[in-house]
Amino acid sequence: MASNDAFDDRYDLREFAPTTDDQGAPTPETEAWMRAVGLGFHEPHPDAEGAARMASHFLEDQETFLGVYLREPFPGSVDETWPAGTFTWFRKRLTWGEGAAIDTQAISAVTVRPTERRRGILRRMMTHALERGVAEGYAVASLTASEGTIYRRFGFGCAIRERAVTVRRERALPLLAPTTGTVSIVTPEWLAEGTGRAVFDRFDARTPGSMVRNAGTWPIVLGLRDGEGQPAKDVRAAVHRPDDSDEVDGYVTWRVKEGKGDTVLEIVDLVYATDAAYLSLWEFLLSIDLNDVVRYSRSRLDDPIVAALGDNRAYDVEHEEDHVWLRVLDVPAVLTSRPYAVDGSLTLAVSDAMGFASGTYRLDVVDGQGTVARLSDGDDGEADLRLDVADLGAVLIGSVSPVTLAAAGLVRAADPAAPALLRAMLTPARTPHGITYF
């Protein structure tokens, strides 16, 4: 990696807040940063209206931008105004369940220009951002990654995985148990008036691993706009109400795509405040005619629809991958912010190459509440468990088992009862499920 002196000779690192002009259009610095992000993710640049809408979302989310700029760009290159590296962070709440939550430093829009690879840009941006996160009082950072091999070296661990699944209609129904409540079709516009967000708030409050959504996410998941910001013309919506109630406790948005093979009903968003709503909305989707397969790309790993199907072989996993990654910055603050399922005491020796979380800590849980004492600054003291900060982030929500990581050689314990105790302590009341990208 290039030295700091070499980096500073070649680049200028700038931190700034996105801004707009009197007409709501992004200012030149913000516009150039947006164009660099679009280049990195192969996204078309929006028209003037779309750019203004995106900029307003950045302001609403109160994002902090980073840009790495070449000091001596070649004439005519985009490097004259565009950053060669981009990065942003903003506040995003993570739910532990049981009424507990923690604010995370959510990281997004990370790009490095291919012409500037292996010059230390990502490390400089990440180090700067995490140092700022500590200064701003964050105990944990979060991200969703476009690639699965980038972020472990910076202390991030994959805390939630998700699946893209399909269910073939002709073999799925009837479900093995009767559903309850009533499903009715609504317009996306009606859903966007407030009902959709109200249902999500209930889902978010009860679901470990759920995170609040970016401002720009809502028009897409509610079916008002497509992924490029244009009006969506093919999205439908439905809601679920319990028996003898007018209160909506679940909704789904979807589109149907025809191809040379199967006609596929694609779920855009499926949000449920109750298990009954989840099953009823699935039954409704599987009852829609003129399609062959229902596809859902946000399925949790223990999806109850598998057990509910009339023929569970109608369910197929197309793909599974990492979803939410967490990076601990303050071990005591994180471990005391969440509830615990089982009381007990463990000593954890945490290694952290970047230095934020290194130390040996004593976790004591009484009546489901944890207290943490820092025993030393290093990870060389007596400990029940030894693990890297990335693996501490992986097990935090309870979706990843310390026992599994011990079997993989990542969590080290002289007594196998220690990983099992930590697993029991961290097990949440409900299965973690994240349906938010950022």
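Ala36, Leu39, Gly40, Pro83, Ala84, Gly85, Thr111, Val112, Arg113 and Pro114 line the largest cavity, where a cavity is a set of points on a 1 Å grid over the protein atoms alone at which a 1.4 Å probe fits but cannot get out, and lining residues have an atom within 4 Å of a point. The model is predicted, with local features requiring pLDDT of at least 70 and side-chain atom pairs pLDDT 80 or more, while totals for chains, interfaces and linings use all residues. Residues are numbered from 1 along each chain as its sequence is written, and side-chain values use heavy atoms, without hydrogens and water.

This largest cavity has a volume of about 50 Å³, a volume being the space filled by probe spheres set on grid points joined across faces, edges and corners. Helix α2 (28-40) gives the most to its lining, with 3 residues; helices (H or I, at least four residues) and strands (E, at least two) are DSSP runs numbered from the N terminus.

The second largest cavity, of about 30 Å³, is lined by Leu335, Leu348, Leu363, Leu392, Leu422 and Leu426.

Strand β13 (residues 344-351) runs parallel to β16 and is joined to β16 by 4 bridges, and the bridge partner of Val350 in β16 is Leu387.

Note on methods: On a 1 Å grid over the protein atoms alone, a cavity is a set of points where a 1.4 Å probe fits but cannot get out, and a pocket is an open set with protein on both sides within 12 Å along at least five of seven lines; lining residues have an atom within 4 Å of a point. Two strands pair if DSSP finds at least two bridges between them.
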